Amino acid sequence: MSRYSIGIDLGTTHCVVSFVDLENEGSTAIEDEIKQEILLLPQLASLGSVEEKAQLPSFLYQYHESEVAPDDLALPWDRRPDKLVGELARSLGSKTPIRLISSAKSWLCHGGVDRRSAFLPLDAPEEVEKMSPFDVTMTYLEHIKAAWNQHFYENPIEEQEVTITVPASFDPAARELTAEAARSSGMKNLTLLEEPQAAVYSWIHQAGDAWRDQVSVGDIVLVVDIGGGTTDLSLIAVTEEEGNLGLNRVAVGDHILLGGDNMDLALAYCIKSKLAKQGKKLQAWQVLALTHSCRDAKEGLLADSTVDVVPLVVPSRGSKLIGGTLRSELTRAEVESVLVDGFFPKVDVSELPVQTARGALTKLGLPYAQDAGVTRHLAAFLTKQVDALNNLAGFEPVTGAFIQPTAILFNGGVLKAPVLAERVLGIINSWLDTEDAKPARLLDGADLDLSVAKGAAYYGYVRRGKGVRIRGGIANAYYIGVESAMPAIPGIEIPMQALCVAPFGMEEGSSVTMQGEELGLVVGEPVRFRFYGSATRRDDQPGNLLEDWDEGELEELPEIQATLPVEGLSSGEVVPVYLAAAVTEVGTLRLEAVAVKGDERWNVELDVRENEK
Amino acid sequence: MNFDPSLQLPAVFDITHLVLSGIAIILLILLALKPSKNTHTDVTLNPAISSETPDKAIPLKEPAVNESVIKSTSPDSALQFLSLLQQEARMIDFIYENISEYSDEEVGAAARIVHEGSLKAINEYFTLMPIREEEEGSRLTLQDGFNASEIRLTGKVVGSAPFSGTLIHRGWRAQEVKLPKISEGHDVTIIAAAEVEL
């Protein structure tokens, strides 16, 4: 039996590892008695120097042989790692970006690329070794594993309970890839947990028994998690279960690539244009350095409301520090207009994020949010999820235009700034006011930087039946595309129908079959299906066939593929099958094709290799 | 040059002097650093043996000095700290620049880099605490048996304890030193590598 429950926050910009000693609980085992710790991760901070830090920056650097002295890369467990991760990777990469891999997590959830093919760093010269988003993820996990096993050599991570957090908006393929990367690293007892849920668990743990006083039956908690790279939203309803408070995650938001890094960059560009007006043109490295100093200046301004101006300096690269230093300043007015009004505009709840059609010649890149207005994304989420409570006992269907949260939990470094937190709360309350609803209250006491990892470690404890568990199952219904049976008309695409294969809210460990709906699979030939997810259709049952649906109700995901091996069958033969879906204990979706005659089962791959792109 | 900031307080406390006094403090820390092996970096300093002032009172004519009284310090951690200060705060660049060529405004801009970086480095690798918690300028009495390396008496030093006096400087003590571990074979004499952009 495992001794520790380990929580890994595998973030876009940082990884954090937290753990709970399961054997060391107090004898009465009430929630606030368990001790939560953060694993310090040894990493190269500069060449030849190893530091232990709570955060491992999620950066990977493919160094050049002539770039480093032979002995300068030693880690406690590896004399000469062939790839660099962490602090040193980030700092070397800031000067040599062609060898740096960042945001691997965002690539892992990018349906438009083959996530197992080696293409990162993007646009790197031929001789730089490329890696796939999957391999990069595994490299971070291997580093975490080595750090753990060095510290706890008597309790190797392979034997412990590991919970890895993923964004609530991660698609099934990205979840499966994360789980597979962890399994390949030897983490056998694995569970995936959605990050906003982890934040809630951390809050519950922090508040101790008092959490029951802070929320009550009927509450709708909105979790707003704005991290370095992504914005993640979830709604959790508080219900009554056998006389106790229960928590139900009723909705999750879209995958929004928008976070603190965008904000620092926006400030740097604001300063850049200010300097351009003074006739000073910046080089690329200066913009980068400016981004770093803007981050510090922003934090200074946001933390202290009495400061109005923070000087910014970009040191020269040469040894002449005084002559070559570039000076400017960041004012409160600039922060307010760029950050507060730019990223958190005062909008109506009916406003939707601006979407412009991307040009046909867009370069391969991450699908960053086109609209930087976090509040518009928030409005769109609450409006889209207006029916989220329809199936929940004890809740009246919402009559207004949007779902009305009664409490808000913040997470992520960006919301540490009181100005931004108040702004978000203020805007949500202005929306509530238009519908004469009571203002939402803030659930406080959360540690915004480390709570995801902490909540994940605490979840291992909850899984042992102690403390409240958030229910909810999968936050999407899934469908495969089936062509309608109709005569072909030239020039008209055959309309697609959607066959529901996994219903909304399907819980871990449960499975369904679509026995009535037979499909024919050709032996030896990969058969592809179009695949859809819906975050709003809560009533479709497995086997339901949709002929049409509203705009935006179904979102197309990367295609899935079934291949029947030739062994035991004759190539080209058509085998009638039906589909079976299961949500594994790990938290991933599994689709299988089951032979109608006999009970052979074949796995349907959610993550299909793209031949082009 | 005297490094004790409390003795040479300038009448106008401009930014240059602020930086200079900061440097003085840093150099004092460097002097006070207990030599430590690379493999053993998390140390809690014992204040009683941390002072290593260049001591002229030791008679030079006695070559057979007791090894346990006078020890030679390993330069490794000092070099490592210089390197950290250069890396975080551009300290060496700043010290070796001829600041008389520049206006106070220009020096001030560079001083911000040095100040911010030094603060970050010191907070990251050291836990520093004042030795006395009282307000500077307040009166205090030292009982017999006070620690003479913690508290230095100046002025009319006559008679015997208890001593009454005014607290001029609160003093600083390094409670904890947490320098990064250095890999075997890393050349610590390289404070900052030369940089060549291709």
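Chains are lettered from A and ligands numbered from 1 in the order in which they are written, while residues count from 1 along each chain as its sequence is written. In this predicted model, local features need pLDDT of at least 70, side-chain atom pairs count only at pLDDT 80 or more, and totals for chains, interfaces and linings use all residues; side-chain values use heavy atoms, with hydrogens and water left out.

**View 1. Chain B from end to end.** Let us start with the layout of chain B, which has 4 helices and 6 strands. Helices (H or I, at least four residues) and strands (E, at least two) are DSSP runs, numbered from the N terminus. Along the sequence, the elements of chain B come as α-β-α-α-α-β-β-β-β-β. Chain B has 198 residues, of which 27% count as buried; here buried means under 20% relative accessible area, exposed over 50%, and partly exposed in between, with a 1.4 Å probe and protein chains only. A contact means heavy atoms within 4.5 Å. Take the contacts in chain B between residues at least 6 apart in sequence: 72% of them join residues at least 24 apart.

View 2. Two strands pair if DSSP finds at least two bridges between them. Strand S5 (residues 49–53) of chain A meets S6(B) in the antiparallel sense over 2 bridges, and Val50(A) stands opposite Lys181(B) in S6(B). As a reminder, strands of a sheet pair through backbone hydrogen bonds, either parallel or antiparallel.

**View 3. The contact between chain A and chain B.** On the chain B side 26 residues take part, and on the chain A side 25 residues. About 2,200 Å² is buried between chain B and chain A, with 51% of this area given by carbon and sulfur atoms. Buried area is the accessible area (1.4 Å probe) that two parts lose on being put together, summed over both. Of the area that chain B buries against chain A, Arg90(B), Glu97(B) and Ile113(B) supply 22%, more than any other three residues. The two chains also share 4 salt bridges, each a side-chain nitrogen of Lys or Arg within 4 Å of a carboxyl oxygen of Asp or Glu. A salt bridge joins the side chains of Arg317(A) and Glu197(B), at 3.1 Å from N to O.

**View 4. Aromatic rings in both chains.** Over all chains the structure holds 15 aromatic pairs. Rings of Phe, Tyr and Trp (its six-membered ring) pair if their centres lie within 6.5 Å; planes under 30 degrees apart count as stacked, over 60 as edge-to-face and the rest as tilted. Trp148(A) and Phe152(A) make a stacked pair, because their ring centres are 4.1 Å apart and their planes lie at 25°. Trp148(A) is buried at 0% relative accessibility, and Phe152(A) is buried at 13%. In chain B, the rings of Phe81(B) and Phe126(B) have centres 4.9 Å apart and planes at 85°, so this pair is edge-to-face. Phe81(B) belongs to helix H2 (residues 75–89) of chain B and Phe126(B) to strand S2 (residues 126–130) of chain B, so the pair ties together parts 45 residues apart in sequence. Phe81(B) is buried at 0% relative accessible area, and Phe126(B) is buried at 4%. Back in chain A, Tyr4(A), Phe19(A), Trp148(A) and Phe152(A) form one aromatic cluster.

**View 5. A charge over a ring.** Arg116(A) lies over the face of Phe134(A), 5.1 Å from the ring centre. Such a placement needs NZ of Lys or CZ of Arg within 6 Å of the ring centre and within 35 degrees of the ring normal.

**View 6. Backbone details in the loops.** A cis peptide bond with omega about 0° joins Leu120(A) and Pro121(A); Pro121(A) sits in the loop between helix H2 (104–108) and helix H3 (133–151) of chain A. The bond from Ala161(B) to Pro162(B) is also cis, with omega near 0°, and Pro162(B) is in the loop between strand S3 (139–142) and strand S4 (163–166) of chain B. Glu242(A), a residue other than glycine, has a positive phi near 50° and is exposed at 83% relative accessibility. Arg90(B) has a positive phi near 55° and is buried at 12% relative accessible area.
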